[in-house]
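Here are a few notes to read alongside the model. Have it open as you go through the points.

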Amino acid sequence: MPQSTHLQSVEEFHGPYGPYQVSELVLQKIWLEQAFDVSRLRDQSARSIEVEHPGTWNRLEGPDFKGAVIRIDGVEFRGDVEVHFSQADWKAHGHDSDPAYDGVVLHVLYYTPSERVTTARTASGAELASVALLPLLWYSLEEYAGEDSLIASTGVDLRPEVDKLLNFSLAERKRRLIAHAEHRWTMKVHYAAQRIERLGWARACHQSALEVMGFARNRVPMLMIAERLSLGDLASGIHSAEELMQIGGERWRLSGCRPANHPKLRLQQYLSWVAEARDWPRRLATMRDQLPEIKPGPRYDDWGTRTLRGELGVSRLRKAMVEEVLVRKIGGPKADTLVCDALLPLLAAVEGGGAFAMWFHWNAGNAPESCAEALRLLQVLERGRTPMGNGWLQGVLGSKSPTSRGASGAARFQAHA
């Protein structure tokens, strides 16, 4: 299918690592996935907006989405949807005088338009309802645009990065992987802090845990459940996994999903967990006292070794997490993934981010086989001395270059992260 020839707008933002650019395509993917709090969707006149169908993504000339079905204050509208960063883009792109856009029924924006900005109108003079996504997003655009986002491709070919790293000495390979892992840790803590600031501790814990339970293919419907129902709601015992699956509707991605990762099973596990420990966020907060007082930074000569893992007390804290926080309802690699992707970053967000060493040396969770194979080829793991750990897995995932995203799933080094 030919691709669109019209130019996509790009905006520059400032994140924790400095400026970054985001294409309008990211906003379009967010709209397509409905990857935001749809329950609070309102137009510029405070009318409720319900999205029955977001439309078919149009990569050719014309409106961004064709054939959408929406309800404005309960009244159904069928037509097209156009996505922009700001209200002014409608006129700047010439849509106000282009009859091809007369079928647009909703203008989706990133920024909330100011009262001084003129409402968008079609060439036939119809005034458009507009909605702003910024107040409804679960993350900053940087994370949506990144490989950890809800909308990024889950396939990444690691072969180019492995080939590049093999050009360096073993010590340099390790140093680079540690640096990649440290970058990912900093970002995870940064976003955990943002979530805590926006939601408070308990809600942030609830949302983060459900998100990881859906990782990676079903994060969106899991977050929809977290927005709709509180931790207390799910701990009450009145909601079944089947009922929760209905909230996600058609957004569940079940094709190719392993039985152990099926979202229905994960929801049953979460319901069992919170039924017994509805106060698990409070229990998690007490784990701060069990983090080691010494917060070592990377020591490249012995970093990642079994000895340092022992000094940090990883096994002790891991046992405490499973028994006291997860109350043995979640175990094995999934528990490790939950700790590394949600619980430790949340703890670090209120502790100032000082748990990197513990996070790095923690047991690897649901590691893609491709990542383990890449580490074997890079020879960073050493039997009896340098075991597989979360940090090495994160380092490999962090080594991905932008050009390696979206590679074919048949590749030997395909990482479903």
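1. Start with what lines the largest cavity: nine nonpolar residues, one polar and seven charged. Here Ala, Val, Leu, Ile, Met, Phe, Trp, Tyr, Cys and Pro count as nonpolar, Asp, Glu, Lys and Arg as charged, and the others, Gly among them, as polar.

2. A word on the ground rules. This is a predicted model, where local features need pLDDT of at least 70, side-chain atom pairs count only at pLDDT 80 or more, and totals for chains, interfaces and linings use all residues. Residues are numbered from 1 along each chain as its sequence is written, and side-chain values use heavy atoms, without hydrogens and water.

3. How much space lies in the largest cavity? About 260 Å³. Its lining has 17 residues, and E143, R195, E211, R219 and D341 are the closest to its centre. A cavity is a set of points on a 1 Å grid over the protein atoms alone where a 1.4 Å probe fits but cannot get out, and lining residues have an atom within 4 Å of a point.

4. Which element gives the largest share of that lining? It is α5, with five residues. The elements giving two or more are α5 (170-199), α6 (201-213) and α14 (332-351); helices are DSSP runs (H or I, at least four residues), numbered from the N terminus.

5. Now look at D301, in the loop between α11 (280-286) and α12 (306-312). D301 has a relative accessible area of 63%, so it is exposed (over 50%; buried is under 20%, partly exposed in between, with a 1.4 Å probe and protein chains only). D301 and K174 sit 9.6 Å apart, C-alpha to C-alpha, though 127 residues separate them in sequence.

6. C205 is buried because its relative accessibility is 0%.

Note on methods:
On a 1 Å grid over the protein atoms alone, a cavity is a set of points where a 1.4 Å probe fits but cannot get out, and a pocket is an open set with protein on both sides within 12 Å along at least five of seven lines; lining residues have an atom within 4 Å of a point. Grid points are joined across faces, edges and corners, and a volume is the space filled by probe spheres set on the points.
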